[in-house]
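I want to look up a handful of residues and helices and jot down what turns up.

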Amino acid sequence: MTFRLRISPCPNDTFMFDALLNGRIDTGGLHFDVEYRDIEALNRGVQAGDADVSKISCAVLPAVADRYALLDSGAALGRGNGPLLVRRAGDRSPIRRVAVPGVHTTANALMMRLFPRITERTPLLFSQIAAAVERGDFDAGVLIHEGRFVYRQRQLELVADLGQLWERTTALPLPLGGIAAKRSLPEAMRRQVETLIRQSIEYAFAHPEASRAYIKEHAQELDDAVIDAHIALFVNDYSLSLGIEGRRAVEALTGIVLRSKAQNNEK
């Protein structure tokens, strides 16, 4: 069987999915037709139902939970890895116009929750936000993915680390994104995909250099140090399994209660 798989081209996704997509693990006869999309395009895709398995922002889960189930593996969730609100260095004017990496992203959800008075938020492709702020098109911008590592090269400065603010107010890790599978797929098949993703991540951890060429085919930033920092920040034990704390974090952000693997096995 072939699944329509949609992930981002960012190093954390390509690192996690390399073994699954490039024949490094046994997929048990399952095949994946992969497309790479910006996170907001991924969110729109699941809202349109055009993927069987897809990376999503956790913030979009309430809008698609009737059609998609969040898998236990493949998440981008943790501490110290949140979106960054930045502005031009030395600029002290009021922040009114902010570029965000998509209406349905966790970054935008955090802006709404943490900075409710900033209502003029404009969606922009994540890779274009830093340059737009540098040009003065916006008072500030929210950076995700590789952009959070290189913004100082554009003479930008940090206003707020949205992940740190989330952690201070909730004492929970920040659930940025996850992998969702269509509920119309048999549950046993969703669990098989979930297991394959976990095995792919385990392979990536055991062979960290195996995926480097594949990662660089798709990455915005090709510097090895940036790629390593990106992977280290977004791929961790929560990527292998959300666990109790990860499920609590998703619930705190979305209001959706996730079943544990044990609870699913009891059904």
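Where is the place of His31? I found His31 in strand β2, residues 31-36. Before going on, I noted that this is a predicted model, where local features need pLDDT of at least 70 and side-chain atom pairs count only at pLDDT 80 or more, while totals for chains, interfaces and linings use all residues. Residues are numbered from 1 along each chain as its sequence is written, and side-chain values use heavy atoms, with hydrogens and water left out. The helices (H or I, at least four residues) and strands (E, at least two) are DSSP runs, numbered from the N terminus.

**Entry 1: His31 and Met1**

I looked up how open His31 is, and at 46% relative accessibility it counts as partly exposed. Next I checked what His31 touches: Met1, Thr2 and Phe3, not counting residues up to four places away in sequence. Contact here means heavy atoms within 4.5 Å. The side chain of His31 also reaches the backbone oxygen of Gly29 at 3.5 Å. I call that a polar contact, a pair of N or O atoms within 3.5 Å; within protein, one must be able to donate a hydrogen and the other to accept it, and residues adjacent in sequence count only if both atoms are side-chain atoms.

Then I turned to Met1, which sits in the segment before β1 (2-7). Met1 is partly exposed, with a relative accessible area of 48%. His31 and Met1 are 30 residues apart in sequence and 6.0 Å apart in space, C-alpha to C-alpha. Leaving aside neighbours within four places in sequence, Met1 is in contact with Gly29, Leu30, His31, Leu185 and Met189.

**Entry 2: two buried side chains**

Thr106 lies in helix α4, residues 106-114. At 3% relative accessibility, I can write Thr106 down as buried. A polar atom of the Thr106 side chain lies 3.4 Å from the backbone nitrogen of Ala59. Leaving aside neighbours within four places in sequence, the contacts of Thr106 include Ser57, Cys58, Ala59 and Leu253.

Asp139 is in the loop between α5 (129-135) and β9 (140-143). I got a relative accessible area of 10% for Asp139, so it is buried. What does a polar atom of the side chain of Asp139 lie 2.9 Å from? I found the backbone nitrogen of Arg96 there. The backbone nitrogen of Arg97 lies 2.8 Å from a polar atom of the Asp139 side chain.

**Entry 3: helix α1 and its partners**

I checked α1 (residues 11-21) against α8 (residues 187-206): they pack at an angle of about 110°, with their axes 7 Å apart. The axes are lines fitted to C-alpha atoms, for helices over the stretch in contact, and angles run from 0 to 180 degrees between N-to-C directions. So α1 and α8 are roughly perpendicular to each other. Under 35 degrees counts as roughly parallel, over 145 as roughly antiparallel, 65 to 115 as roughly perpendicular and the rest as oblique. Among the residues making the contact are Phe15 and Phe17 of α1, and Leu196 and Tyr203 of α8.

With α10, α1 packs at an angle of about 75°, and the axes are 8 Å apart. That pair is therefore roughly perpendicular too. Here Pro11, Asn12 and Phe15 in α1 meet Ile227, His230, Ile231 and Phe234 in α10.

**Entry 4: the two sides of α10**

In α10 (residues 224-234), I listed Val226, Ile227, His230, Ile231, Leu233 and Phe234 as buried. They cover an arc of only 165° around the axis, which puts them on the same side of α10. The arc is that of the directions from the helix axis to the C-beta atoms. What covers these buried residues includes α1, β11 (174-182) and α9 (212-218). On the face turned away from the buried side, I found the exposed residues Ala225 and Ala232.

Conventions
Buried means under 20% relative accessible area, exposed over 50%, partly exposed in between (1.4 Å probe, protein chains only).
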